[in-house]
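These are my notes from a look through one model.

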Amino acid sequence: MSRAFAHGELPSSYKESITIVLRKEGKKDYSLPGSYRPISLENALAKVVEKALANRITDAAEEHNLLPWNQMGARRDRSTLSAIGLLNTCVETAWSARPGSVVSMLSLDLTGAFDNVSHEKLLAVLKRKGFPDWLVTMIACFLQERRTRIAYTGHESDWISVQSGIPQGSPLSPILFLFYISELLESLSDPQEGLIGLGFIDDTNLITWSASAEQNCRRLTEAHQLCERWAERHGAKFAPEKYQLIHFTRNRRTARENLANSITIGEHRIDSKATVKLLGVWLDPGMTWKEHIAQAARKGQSASRSLARLATATWGPTTRVTSQLYSATIRPILLYGSQEWSTRLLDKKHILTPLETI
């Protein structure tokens, strides 16, 4: 491994992979390529080398603050719950500082994020961040002259040369993508102007706050122009048809008026929604968490029924094993995100009744 790092070279077999195609859950039309997710199955020894390299890059990023503070995922102590906590803090702080204010969030969608990464741009970012030449050379070798086979339903294609992108499934890919998109998150960090960008790997969310949803929509439109300029420089592409917009407010009388405010980007109009799913949790305008509890109860009930069919009074696993299955499969469904929503429901325990029933 040290020898590979010193010479900046990887064996060609380390850059070969089998790409399997997995269905994305809940898609309406599985005849479309976008309804599938490609995952690269790599050489096991290659993944050991890539993991060691990823650890070094991650350590350097944290030690020298090379990544934006508002960039979550693939970093220590910056999980999905960290991102949800940051959003909650923004909303609660805005409401406390100026009662009656509205917080708006526009969730963006980056088309083929990992597959369309420009090698040239990524290497330039790593150099600009101050990484040594040997590491940049090593990453260049990792990215170039890759090839893969596509495998699905018993079929395997011939070798296909991969000229761009970073392979999903590699331990190196998440941290490299964080550096690739870091410039975008840095340009969206301006709390003094009432705007921050919240990133989680390839998920980017624009958050702003003011006295009205109408003003927020204007700010979000301007902020999106920054995103478009970044995309143009990096050869990336956003998909406005997949965007989601939500307005958070405690004022029930103006909630309906807020929902009427939308954003127009190109030919697409993004209407505000009553509920939005973000990183596995459901958000509503009043941050009451009712929708999230309802969704968790529905999934928990389904899982509970499945477990009940396995564990009966006369056959199936023992009580002890059944208890372990419950703790491993059902409780995580019921309690996901509870670090955030449970503290906000201390005086509204009736909302938790569906979960207590299960």
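Entry 1, W289. I began with W289, which I found in the loop between β14 (281–283) and α9 (290–310). The model is a predicted one, and I read every entry here with that in mind. The phi of W289 is positive, about 70°, although W289 is not a glycine. Is W289 buried or exposed? Its relative accessibility is 1%, so W289 counts as buried.

I then looked up another residue with a positive phi that is not glycine, D77, where the value is near 60°. D77 belongs to the loop between β3 (71–72) and α3 (80–97). I checked its accessibility too: D77 has a relative accessible area of 76%, which is over the 50% cut-off, so I noted D77 as exposed.

Next I turned to pairs of helices. I took helix α2 (residues 44–63) and helix α6 (residues 173–187), whose axes come within 9 Å and cross at roughly 40°. Because of that angle, α2 is oblique to α6. I recorded the crossing of α2 and α6 as left-handed. Which residues meet there? From α2 I listed A54, I57, T58 and A61, and from α6 I listed I175, L176 and F179. Sorted by class, the contact of α2 with α6 has six nonpolar residues, one polar residue and no charged ones.

I went back to T58, which is placed in helix α2. T58 counts as buried because its relative accessibility is 12%, and the cut-off for buried is under 20%. Not counting residues up to four places away in sequence, T58 touches R76 and I175.

I looked next at the largest nonpolar core, which has 93 residues. Which of its residues touch the most other members? They are I57, L106, I139, F177, F179 and F248. The element that gives the most to this core is α6, with nine residues. I followed up I139: leaving aside neighbours within four places in sequence, I139 is in contact with L53, I57, L123, L126, L172 and L176.

Last I looked up N216, which lies in helix α7 (residues 213–234). With a relative accessible area of 0%, N216 is buried. I set aside its neighbours within four places in sequence and listed its contacts as V102, V103, S104, T208, W209 and S210. I also noted the spacing from N216 to I246: these residues are 30 residues apart along the chain, and their C-alpha atoms are separated by 11 Å.

Notes. Residues are numbered from 1 along each chain as its sequence is written. This is a predicted model: local features need pLDDT of at least 70, side-chain atom pairs count only at pLDDT 80 or more; totals for chains, interfaces and linings use all residues. Side-chain values use heavy atoms; hydrogens and water are left out. Axes are lines fitted to C-alpha atoms, for helices over the stretch in contact, and angles run from 0 to 180 degrees between N-to-C directions. Helices (H or I, at least four residues) and strands (E, at least two) are DSSP runs, numbered from the N terminus. Angles under 35 degrees count as roughly parallel, over 145 as roughly antiparallel, 65 to 115 as roughly perpendicular and the rest as oblique. A crossing is left-handed if the near helix is turned anticlockwise from the far one by less than a right angle, and right-handed if clockwise. Contact means heavy atoms within 4.5 Å. Ala, Val, Leu, Ile, Met, Phe, Trp, Tyr, Cys and Pro count as nonpolar, Asp, Glu, Lys and Arg as charged, and the others, Gly among them, as polar. Buried means under 20% relative accessible area, exposed over 50%, partly exposed in between (1.4 Å probe, protein chains only). A nonpolar core is a set of buried Ala, Val, Leu, Ile, Met, Phe, Trp, Tyr and Cys residues joined through side-chain atoms within 4.5 Å.
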